[in-house]
Amino acid sequence: MLNKVIIATLLCIQFLLTACTPIKTPDSNQYKLEAFNAKKFTNKKTGLSILISQPEAMAGYQTEQMLYIQKPYEITAFAHNTWISSPANMLYPLIMQSLQKTGYFYAVASGPYVDKADYRLDTQVIALQQNFIPKPSVIELVVKAVLTHIEDNRVVSSRIINERVNCPIQTPYGGVIAANRAAQAFTATLSKFVVDQVNHDQRHG
């Protein structure tokens, strides 16, 4: 009988301890950018290589927060929805993969310690936000790209790429879907820009 009382008491204590222990739940939904253009431009690689530097970001966009606009000039962050990393960090591997898929370059390199490359691509995220002013809302992805010939540190060309994609549903997740479509469109435009400008530079540089 005593054993049963002890067991019942222990079970009661365990239940109370479990009930008092806070259960940790995620305080936000986390999303990622993973869509990129995989178009192949050529079956024969050139002997050229390109270094892709880590993208930078304008002030206000160096964050994992998902940003939106409801009225002009005011940017707000969603309370319970975030990116897994900053937009610049998420776009980096997508740019790399897209340029590798073109089949144009002998090597697509990254990192600050690359010994030798023919060209360098620098990018800067100017904006990534869901704009609710138009109906339906749109994702706005704006990135500046600068292509440089490394040997003489000569800027070959620069361009601001602006992608606007309608959100399929008027929620943060609708923005995520549109942002991935924008990332795919952006990498398509960027890859074509790079290949076209390198081609032109090789013919006339």
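In this predicted model, Lys 32 and Glu 34 are joined through their side chains by a salt bridge, with a distance of 3.3 Å from N to O. Lys 32 has a relative accessible area of 44%, so this residue is partly exposed. Lys 71 and Glu 74 form a salt bridge in which the closest N and O atoms are 3.8 Å apart. Lys 71 counts as partly exposed because its relative accessible area is 46%, and Glu 74, at 37%, is partly exposed as well.

The next pair is Asp 152 and Arg 154, whose salt bridge has its closest N and O atoms 3.1 Å apart. Asp 152 has a relative accessibility of 44% and is therefore partly exposed; Arg 154 is partly exposed too, with a relative accessible area of 30%. This pair belongs to a network of salt bridges that links Asp 152, Arg 154 and Asp 201. In the whole structure, the search finds 7 salt bridges.

The setting for these pairs is a protein chain with 3 helices and 9 strands. Read from the N terminus, the order of elements is α-β-β-β-β-β-α-β-β-β-β-α. The protein chain has 205 residues, and 43% of them count as buried. Its accessible surface is about 12200 Å², and carbon and sulfur atoms account for 55% of that surface. Considering contacts between residues at least 6 apart in sequence, 71% join residues that are at least 24 apart.

Two of the helices meet. Two packed helices are described by the angle between their axes and the distance between the axes. Helix 2 covers residues 87-101 and helix 3 covers residues 172-204; their axes come within 9 Å and cross at roughly 50 degrees. With that angle, helix 2 is oblique to helix 3. The crossing of helix 2 and helix 3 is right-handed. On the side of helix 2, the residues involved are Leu 91, Leu 94, Ile 95, Ser 98 and Leu 99. They meet Ala 183, Phe 186, Thr 187, Leu 190, Ser 191 and Val 194 of helix 3.

Among the contacts of Thr 123, leaving aside neighbours within four places in sequence, is Ile 95. Thr 123 lies in strand 7, which runs over residues 119-131. Is Thr 123 buried or exposed? Its relative accessible area is 7%, so Thr 123 is buried. Besides Ile 95, Thr 123 is in contact with Ser 53, Pro 55 and Glu 56, and also with Val 143, Lys 144 and Ala 145.

Ser 86 is located in the loop between strand 5 (74-83) and helix 2. Although in a loop, Ser 86 is buried, since its relative accessible area is 8%. Which residues is Ser 86 in contact with, leaving aside its neighbours within four places in sequence? They are Gln 62, Thr 63 and Glu 64.

Strand 9, residues 154-166, contains Ser 158. Not counting residues up to four places away in sequence, Ser 158 touches Ala 145, Val 146 and Phe 193. The C-alpha atoms of Ser 158 and Thr 148 are separated by 8.8 Å, with the two residues 10 apart along the chain.

The last stop is Pro 172, in helix 3. Its relative accessible area is 18%, which is under 20%, so Pro 172 is buried. Leaving aside neighbours within four places in sequence, Pro 172 is in contact with Met 66, Phe 78, Asn 81 and Gln 130. How many residues apart along the chain are Pro 172 and Leu 67? They are 105 residues apart, and their C-alpha atoms are separated by 9.3 Å.

Terms used
Residues numbered from 1 in each chain as written. Predicted model: local features only at pLDDT ≥ 70, side-chain atom pairs only at ≥ 80, totals over all residues. Heavy atoms only, no water. Helix = DSSP H or I, 4+ residues; strand = E, 2+ residues; numbered from the N terminus. Buried < 20%, exposed > 50% of the residue type's maximum accessible area, 1.4 Å probe, protein only. Contact = heavy atoms within 4.5 Å. Areas by Shrake-Rupley, 256 points an atom, 1.4 Å probe, with all protein chains shown as cover. Salt bridge = Lys/Arg side-chain N within 4 Å of Asp/Glu carboxyl O. Axes fitted to C-alpha atoms, helices over the stretch in contact; angles between N-to-C directions. Parallel < 35°, antiparallel > 145°, perpendicular 65-115°, else oblique. Left-handed = near helix turned anticlockwise from the far one by under 90°.
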